[in-house]
Amino acid sequence: MPAVESSSTLDRVLVLEMVRVTEAAAIAASKWVGRGDNDAADDAAVEAMRTELNKLPMDGTVVIGEGERDEAPMLYIGEKVGSAQGSGPKIDIALDPLEGTTLTATAGPNALAVLAIAESGCLLNAPDTYMQKIAIGPGYDEGTIDLNRSPADNVRALAQAKGVEPSEIIACVLDRPRHQQIIDELRGLGCGITLIPDGDVAGVIATADPDTGIDIYMGSGGAPEGVLAAAALRCVGGQIQGKLLFRNDDEVARARRWGIDDLDRVYSIQDLAKGDCIFAATGVTDGSLLKGVHRRKGCFTTESIVMRASSGTVRRVATEHYKLGSLRSL
């Protein structure tokens, strides 16, 4: 993993402040776990995250958010957040206040509140389209994976790099009809496949956690989630590549509005998230990456993870929240 220079700009926005932001979103969303209302869960997380971001002494710009301004009333792409507009450090923010709205509504695993920050200009302004992705964890030579290869060839290359047979590789794939060809190809090699119903940020990050047993992530999911996952992998030395997928002319026009002209470009991890990055996530529901929000008499408990590229550190933060006045309103 190449050295990443520490950013004095990010030093002024404390790492733990990012955790407080994702904790607030996760706690707000947790009220709606298992209640079947995707929109209410998402709205609660968005409102809480926006409120906390606006307390921070920064000149922040949302580059990955809930959509464009005419489609999203809060935390839209281009929205300014922070209490020091025009005077504080300029920060780009990629966020998903509730990654896994359906998971939350159905009490499924791996719902997260997610946030990544970097200096201005360091995060790709990805349009709200699909992205074809492939990702692996740290410890492999650059070029081990290549989005232009077939799924089977990528698994063979990874297996060779790992020193195992292809049948010993475990792949993570979103459980979608569009991925049936990938699934059939991998099963033809004898691979194990972990199918996830939603939450591909957690799926990508799982490749960097040996405890999950997942070696590789592949398939298509949201482009904004690709940027968030890239920021996380930048902190631990993993690899990810992505290519934007467009379903119609409106999505092409949206990409061009954000300055994307090469519609066939394969983005490297450095294209998606460069420089010093901070990534934070808090569990909403229990999952392989983090425990969810749990309620005890008089408090909530949360589990979070926060990573930084320049230090190469991954911190797990377990928090008990006893501020009853704010909890009663959730």
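Helix α9 is followed by Gly259, which has a positive phi, near 85 degrees. By helices I mean DSSP runs of H or I with at least four residues, and by strands runs of E with at least two, both numbered from the N terminus.

Before going on: this is a predicted model, with pLDDT of at least 70 needed for local features and 80 or more for side-chain atom pairs, while totals for chains, interfaces and linings use all residues. Residues are numbered from 1 along each chain as its sequence is written, and side-chain values use heavy atoms, leaving out hydrogens and water.

Back to α9, residues 249–257. Which of its residues are buried? They are Glu251, Val252, Arg254 and Ala255. Buried is under 20% relative accessible area, exposed is over 50%, and partly exposed is in between, with a 1.4 Å probe and protein chains only. These four sit on the same side of α9, because they cover an arc of only 160 degrees around the axis. That arc is taken from the directions from the helix axis to the C-beta atoms. Strand β9 (239–245) is what the buried residues of α9 pack against. On the face turned away from the buried side are the exposed residues Asp249 and Arg257. At the start of the helix, a side-chain oxygen of Asn248 comes within 3.2 Å of the backbone nitrogen of Asp250.

The C-alpha atom of Arg254 is separated by 26 Å from that of Ala135, and the two residues are 119 apart along the chain. Ala135 lies in β5, residues 130–136, and is buried at a relative accessible area of 0%. Not counting residues up to four places away in sequence, Ala135 touches a list of residues that includes Ile145, Val204, Tyr217, Leu233, Gln239 and Ile240. Contact here is heavy atoms within 4.5 Å.

Ala107 has phi near 60 degrees, and Asn110 has phi near 75 degrees. Ala107 lies in the loop between α4 (101–105) and β4 (112–119), and Asn110 is placed in the loop between α4 and β4. Ala107 is partly exposed, at 45% relative accessibility, whereas Asn110 is buried, at 15%.

Now strand β13, residues 299–308, which holds Glu303. Glu303 is buried and has no salt bridge; Arg316, the nearest side chain of opposite charge, is 4.4 Å away. A salt bridge needs a side-chain nitrogen of Lys or Arg within 4 Å of a carboxyl oxygen of Asp or Glu. What does the side chain of Glu303 have 2.6 Å from one of its polar atoms? The backbone nitrogen of Lys291. Leaving aside neighbours within four places in sequence, the contacts of Glu303 include Ala281, Thr282, Gly283 and Leu290.

Arg308 is also in β13. Arg308 is buried, with a relative accessible area of 10%, and its side chain makes a polar contact of 2.8 Å with the side chain of Asp276.

Last, the cysteines. The structure holds zero disulfides, a disulfide being a pair of cysteine sulfur atoms within 2.5 Å. For Cys122, the nearest cysteine sulfur is that of Cys277, 6.9 Å away. Cys122 is buried at 15% relative accessibility, and Cys235 is buried at 1%.

How values were computed: Lys, Arg positive; Asp, Glu negative; His and termini not counted. Polar contact = N/O pair within 3.5 Å; in protein donor to acceptor, adjacent residues only side chain to side chain.
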